[in-house]
Amino acid sequence: MNSSIETSAHVDSDVTSVFARIVKWGLYPLLWLWLAICIGYAFTYPDQLAQVQMVKGSVMVALLLFCEWVVPYQRRWGMTWRYLLKRDLVFVAINGATLGLLSTLLATGAVIVSAYTVGPMSGQPLILQVVVGLLVFEALQYGFHRGMHESRGPLTNFLWRSHAIHHLPQQLYVVMHAVFHPFNAVIVRLFVQLLPLWVLGFDPMAVLIYSSVIAFHGTISHFNVDIRMGWLNYLFIGPELHRYHHSAQSHEAMNFGSTLTLFDLVFKTFLYRPGVPPEALGLKPEDGYPAQVAPIDSLLFPMSLQPVSALKTDSRATV
Ligand SMILES: [Zn+2]
Ligand SMILES: [Zn+2]
């Protein structure tokens, strides 16, 4: 009896380790393939764009959550019911409502504005629009993100306090992508995502492609599974790089990019140590930050003028 239980446990662990090896190198290309299929479908059936977006995101998140459950990279960083219900879902709900309201207001404004505006990118070749869209988003995102971290005066102190909520958790898993203060979410949505759209006037299919790549990388960056991207880490920001950004050690909290590593490489804030995770993540209450599960304190945190020590970088590259 005992030996049959041991044999079955052994088979289970063998199956899990084979699955972990497949996921390690195979999941990232598989997700790109899924993205390409969804984008191809949206090109063929543009009237079903909203449904495609929903299916694309839901399947991806479900697959990532399943992998985190079966083959977590670091159990100490894993999702728990307490954190999920008392912290993560509070922010998911608040950000969903805030961004939903903002989108409704902006959509109304966009109808009025678009009647008079045709940007310089309208009608350009699709590939050019996608590349320019990604580069413009990434340049703004890098500048804003790094500015928030390198707090100096009252404005950047406010911006850092808003952004710090994303850095509070001492864990890292896929749901963490949605744990943001609503101020931070609105500022990024307005100035980094929507402003260039209005000014440059991209075509909808170009927006679909580059925003899908941005959403994909934002989501997998917080993935708690040991997937490897190899040399692609020098092109795209994935979990191997973004984990360092959440490090509790300020000199490791680099990699400010969201999708591309370009600006981290150029400005020497790129950190990559293959196979070596950061020792600890997050921010501590003893340094003046809210506790791990304190949604009200977290929501009120940006309202204080009192400076808190930011996760500053010392601008040195470790490649
Ligand atoms: Zn950050
Ligand atoms: Zn993050």
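# Exercises on an all-helix predicted model

From the N terminus on, the elements of the protein run α-α-α-α-α-α-α-α-α-α. Helices (H or I, at least four residues) and strands (E, at least two) are DSSP runs, numbered from the N terminus. This is a predicted model, in which local features need pLDDT of at least 70 and side-chain atom pairs count only at pLDDT 80 or more, while totals for chains, interfaces and linings use all residues. Residues are numbered from 1 along each chain as its sequence is written, and chains are lettered from A and ligands numbered from 1 in the order in which they are written.

## Exercise 1. Confidence

Task: Determine where in the protein confidence is lowest and where it is highest.

Solution. Begin with pLDDT, the predictor's confidence in each residue, from 0 to 100. Its mean over the protein is 86, and 87% of the residues reach 70 or more. Next, take the elements: H3 has the lowest confidence, at a mean of 73, and helix H9 (residues 262-266) the highest, at 98. Finally, inspect residues 312-319, where pLDDT stays under 50 and the model has 16 contacts beyond four places in sequence; a contact requires C-beta atoms, placed from the backbone, within 7 Å. Where pLDDT is low, the predicted coordinates should not be read in detail.

## Exercise 2. The faces of H2

Solution. First, apply the burial classes: a residue is buried if 20 or more other C-beta atoms, placed from the backbone, lie within 10 Å of its own, exposed if 12 or fewer, and partly exposed in between.

## Exercise 3. The bend in H6

Task: Locate the bend in H6 and describe its surroundings.

Solution. Start with the span: the 19 residues of H6 reach 26 Å from first C-alpha to last, close to the 27 Å expected at 1.5 Å a residue, where the expected span is 1.5 Å times one less than the number of residues. Then compare axes fitted to the seven residues ending at a position and the seven starting there; H6 bends by about 40° at Leu194, and Pro196 follows within four residues. Pro196 is also among the buried residues of H6, with Asn184, Ala185, Val188 and Val192. After the helix comes Gly201, whose phi is positive, near 65°.

## Exercise 4. The nonpolar cores

Solution. A nonpolar core is a set of buried Ala, Val, Leu, Ile, Met, Phe, Trp, Tyr and Cys residues joined through C-beta atoms within 7 Å. The largest has 40 residues, and Tyr173 and Phe223 are among those with the most contacts inside it. Helices H1 (2-44), H2, H4 (126-149), H5 (154-167), H6 (182-200) and H7 (204-220) each supply at least two residues. A second, separate core of nine residues includes Phe236, Leu241, Ala253 and Phe270.

How values were computed. Contact = placed C-beta atoms within 7 Å.
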